[in-house]
Structures are given as structure tokens and as C-alpha cells.
Amino acid sequence: MKIGIIVAMDKELKQLQTLFNDEQVRVEKCGIGKVNAALGAQRMINEFHPDCIISSGCAGGNGDDIQVQDIIVSTELCYHDVYCGTAIDNTTIYGQVQGLPARYQADPYLLEKAAAVANSPLFTLHSSLHQGLIVTGDWFVDSKEKMREIISLFPEAKAVDMESCAIAQTCFINKVPFISFRVISDIPLRDTDASQYHNFWDTVADRSFITTKTFIESL
């Protein structure tokens, strides 16, 4: 199976490139934000022709049961900053690009494999794996106010990032199985100045991405 992994930043690329030495697995950096993510996903599809694509990296977490370094696996994805209005089509909902799904569903086979990772002996004892909604937008959430605004629209969201749904949309259009596998770097509703995010890279990021490797090896 040819597996494409897309990350947004050099930090994430460095973490994951050290874990894979297999020509069937390609790790590429797309850059930050939705446009970069979509372009990176399309480039991956055109050049590598993967059997599936995984969005990996970090995200902000939401929920009383979520802790820094936990893993969020997307069951579905949507945008938190897209609104197409009701002037033409009153069935389109907030977070949906008109004419496309309201939410992009993760591939069932990849979800099944992700669920099994939690039982792997390599899964870190310092993390928990959660499945749920990931919402995406062009906004680094560094304030409680912004996070509250997002969660008021998507209270069930487990994570907020800047790329996953754009990759999911590109994969949907190209009929490529997709899943997002995100490590929680910070929890904005418990933080005031993004200190959790910066501390994540200083202290725990190295071992967090081992879980992504375990998932890939199970495919």
C-alpha cells in the first residue's frame, strides 16, 4: 500500500521523516492553511498516486476528556470558517462548501485500523486516542474567545486545525481514502497565551508522533 502523509510545518516534517524509511510511504510538507493544504494534497495525488492520504501534525484540543499529547482521529471533518449563505441554496449549512458534503467522512477501513492502535504495545502510556470531529479554518486559535466562538458552532469538535478538512475535500474530489491523525499540542480554553503550544514542541513532540508510525505500520 502506498501511503501519503501530509504535514503543515517543518517541525512536523522533521519529526515524521525520521520515522519512515520506506519508499511506499511519502511524507511531504504542504505549508500552513487551507490553500497550501489543498495544493499539497493535489500534488501528492498527482505525483505519488497514493492508496490513501493521512493528515498528520498537531491541533488544538477541545473537551474535558482531552489532554495535551492525546491523539484525535477524524471520524468526520468540516470547516469552521466557511459560510455560503442561503440566497441560492437554503439547504447548505454552516461549515459546508456549497455543492460538496456538509462533512467529509473518514475512510472506514482507516478508522478501524486507527481504533486498533490504542491496543498496540507501542502506543504511549502518556496518551489517549479519541475519535471525533475535526474542524479546520485559517486561524491559529490563540485565545479563549476565538475557541469559544468555534465551539459554539461545533460543540462536539475534538480538535481544531488549519489543514485537515482542505485535504479531506481534495481527497474526496479525487476519490482517495483519507483520515486525519492529530496530536493535541494545546487546549485553548485552558490556556491564555499559547504557552501550551510552545511547550509541546519543547518537551513532548518527539514521542507523540510515534503513534502515527504505529498506525502506518498497521495498514
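Student: At the start of α3, which backbone nitrogen does a side-chain oxygen of Asp-107 reach?

Tutor: The side-chain oxygen of Asp-107 comes to within 3.2 Å of the backbone nitrogen of Tyr-109. A polar contact is a pair of N or O atoms within 3.5 Å; within protein, one must be able to donate a hydrogen and the other to accept it, and residues adjacent in sequence count only if both atoms are side-chain atoms. Helices (H or I, at least four residues) and strands (E, at least two) are DSSP runs, numbered from the N terminus.

Tutor: This is a predicted model, in which local features need pLDDT of at least 70 and side-chain atom pairs count only at pLDDT 80 or more, while totals for chains, interfaces and linings use all residues. Residues are numbered from 1 along each chain as its sequence is written, and side-chain values use heavy atoms, with hydrogens and water left out.

Student: Why is Val-183 called buried?

Tutor: Buried means under 20% relative accessible area, exposed over 50%, and partly exposed in between (1.4 Å probe, protein chains only). Val-183 has a relative accessible area of 1%, so Val-183 is buried. This residue lies in strand β8.

Student: What makes Tyr-83 exposed?

Tutor: Its relative accessibility is 53%, so Tyr-83 counts as exposed. Tyr-83 sits in the loop between β4 (71–79) and β5 (104–105).

Student: Which residues of α3 are buried, and how do you know that they are on the same side?

Tutor: In α3 (residues 108–117), the buried residues are Leu-110, Leu-111, Ala-114 and Val-117. They cover an arc of only 105° around the axis, so they lie on the same side of α3. The arc is that of the directions from the helix axis to the C-beta atoms. Pro-108 and Glu-112 are exposed on the other side of α3.

Student: What covers the buried residues of α3?

Tutor: The cover includes β3 (52–61), β4, β6 (129–136), β8 (178–186) and α8 (210–218). Contact here means heavy atoms within 4.5 Å.

Student: What makes helix α5 mostly covered?

Tutor: In α5 (residues 164–174), 8 of the 11 residues are buried. Among them are Ser-164, Ala-166, Ile-167 and Gln-169. Just after α5, Lys-175 has a positive phi of about 60°.

Student: Why are Glu-217 and Lys-213 said to form a salt bridge?

Tutor: A salt bridge is a side-chain nitrogen of Lys or Arg within 4 Å of a carboxyl oxygen of Asp or Glu. The N to O distance for Glu-217 and Lys-213 is 2.9 Å, so the pair meets that rule. Because they are 4 residues apart in helix α8, about one helical turn separates them. Glu-217 is partly exposed at 49%, and Lys-213 is partly exposed at 22%.

Student: How many salt bridges does this rule give?

Tutor: The count comes to 11 salt bridges. One of them joins Arg-182 to Glu-163, with the closest N and O atoms 3.5 Å apart. Arg-182 is in strand β8 and Glu-163 in the loop between β7 (157–161) and α5, so the pair ties together parts that are 19 residues apart in sequence. Arg-182 and Glu-163 are buried.

Student: Which residues are linked in a network of salt bridges?

Tutor: The network links Lys-34, Asp-81 and Asp-138.
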